[in-house]
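Here is a friendly walk through one protein model, meant to be read with the structure open beside you. Keep the viewer handy and follow along topic by topic.

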Amino acid sequence: MIRLLALAVVLGLAPAVAAAQTAPVADSGAFVVRMGTDTLAVERFVRTGDRIEGSLVRRDNPFTATRDYTAELNPDGSVRRLVVRLHTIGLSPTPSPYTFTYDYGADSARSVYDRPAENEREERRVALGGPVMAALGHSHALQEQALRMARGMGADSVRLLPVGANGTVSLGVRRGGGDTLQLATVEGPATAWVDARGRLMRYDGTRTLTKVTAERVGWIDVPALAADFARRDHEGRGIGRLSPRDSVQATVGGARVSVGYGRPSMRGRKIFGGILPWGRVWRTGANVTTQLTTDRALVIGGTPIPAGTYSLYTLPQPDRWTLIVNRKTGESGREDTYDPAQDVARIPMRFRALDAPVETLTIRLDPEGDGAVLRVAWETTEAWVPVAAP
């Protein structure tokens, strides 16, 4: 009972909602996925022989949505058939559910999207190039199977086919110290902890773009959680979009200047020197890189910047901040997409500690005389640089 109450506190729910059910007699379990202190997803699954059946509820779509899936496996641990039923339940009116069905062959997979209520159906082929494991957003039961597959094959990587994707991606798997595996995911490096039976016990993706963690827990009532999350959505208490896009504009000496960026929140996390390590180039926001557009030349921090569109990176360090203006735009923000050869300028920024924390990243273009000041504020730090006409 103590474990149930603790789980209810972790999920932010009433104990009755988080009450455990009797788990089936099989290899079964559940995962809780979090971003900081917020629960983003909960999954439970049962593995029997060559089959995995799971139920997953997500809160970051930005409305509560369920994913019920069945994965049929080959002897080598790869998937031969996957059926996923998707349903958004936190949105009113509630959209009709739809299904993805994949049948995997040696070289390609047949994918069928089916939404009977709207008379929608689409069939296509996806190239594989060998055995693959299915991947579904926030499903760590399927990720666990991918790790088992790599172990069984004695391989340092496996191919994954994410649901809805046009092609496969690679998951690198390297043995770390003790019970850890170092993973190279498409979103960046992560760490997994597994037990002697190959069960995934914990996942740390705080170095990836999604920055989520996951923990294996006891058998829990996922349908009840889904109903509670949907109720919160309808009451205006849902999570909503994790990092909504926003923009700011200003006129600087006749130039029209705008900055578009994704707005992540702290969610109980240590930001600078934590999930954003000191001395690492940062996309200055979430999702695609922050973008500066100006229709005339500017002078930013004393450095001439021609008219155009640029990505704005920053380099936070304990004793200094640097603004990086880069020609390459529209990037995902992964470290390997930043190209320093495309830098237009690296500009020192002033910075200060704030008296009160800023929960959600805020970028401003504050008018000042004939120019403006570009300000970046998050957690307990504000950095800024003047923007002027030449």
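**Strands, a pocket and a buried aspartate**

Strand 19 (residues 298-300) and strand 24 (residues 371-388) run antiparallel to each other and are joined over two bridges. Bear in mind as you look that this is a predicted model.

**The nine-stranded sheet**

- Within the pairing of strand 19 and strand 24, Val-299 sits opposite Ala-388 of strand 24.
- Both strands belong to an open sheet of nine strands, whose order is 16-17-18-21-22-23-24-19-20 and whose pairing is antiparallel.
- The edges are taken by strand 16 (245-252) and strand 20 (303-305); each has a single partner strand, so one side of each has no neighbour in the sheet.
- On average, and with direction ignored, neighbouring strands of this sheet are turned by 35 degrees against each other.

**Asp-343 in strand 23**

- If you are browsing strand 23 (residues 343-368), look for Asp-343, which is found in this strand.
- Is Asp-343 buried or exposed? Its relative accessibility is 17%, and buried means under 20%, so Asp-343 counts as buried.
- The side chain of Asp-343 makes a polar contact of 2.7 Å with the side chain of Asn-326.
- The side chains of Asp-343 and Arg-346 are also joined by a polar contact, at 3.2 Å.

**Strand 9 and its parallel partner**

- Strand 9 (residues 132-135) is covered on both faces: Val-132 and Ala-134 are buried on one side, and Met-133 and Ala-135 are buried on the other.
- Strand 9 pairs with strand 10 (residues 157-162) in the parallel sense, over four bridges.
- In this pairing, Ala-135 of strand 9 stands opposite Pro-162 in strand 10.

**The second largest pocket**

- The second largest pocket has a volume of about 190 Å³.
- Its lining is made up of 13 residues, and those nearest the centre are Ala-150, Arg-151, Val-173, Arg-175 and Leu-181.
- Which elements give two or more residues to the lining of this pocket? They are helix 2 (140-153) and strand 11 (169-175).
- Helix 2 provides the largest share of the lining, with four residues.
- By residue type, the lining of the second largest pocket divides into six nonpolar, two polar and five charged residues.

Conventions: Residues numbered from 1 in each chain as written. Predicted model: local features only at pLDDT ≥ 70, side-chain atom pairs only at ≥ 80, totals over all residues. Heavy atoms only, no water. 1 Å grid on protein atoms, 1.4 Å probe; cavity = no way out; pocket = protein on both sides within 12 Å on 5 of 7 lines; lining within 4 Å. Points joined across faces, edges and corners; volume = space filled by probe spheres on them. Nonpolar A, V, L, I, M, F, W, Y, C, P; charged D, E, K, R; others polar. Pairing = 2+ DSSP bridges. Axes fitted to C-alpha atoms, helices over the stretch in contact; angles between N-to-C directions. Buried < 20%, exposed > 50% of the residue type's maximum accessible area, 1.4 Å probe, protein only. Polar contact = N/O pair within 3.5 Å; in protein donor to acceptor, adjacent residues only side chain to side chain.
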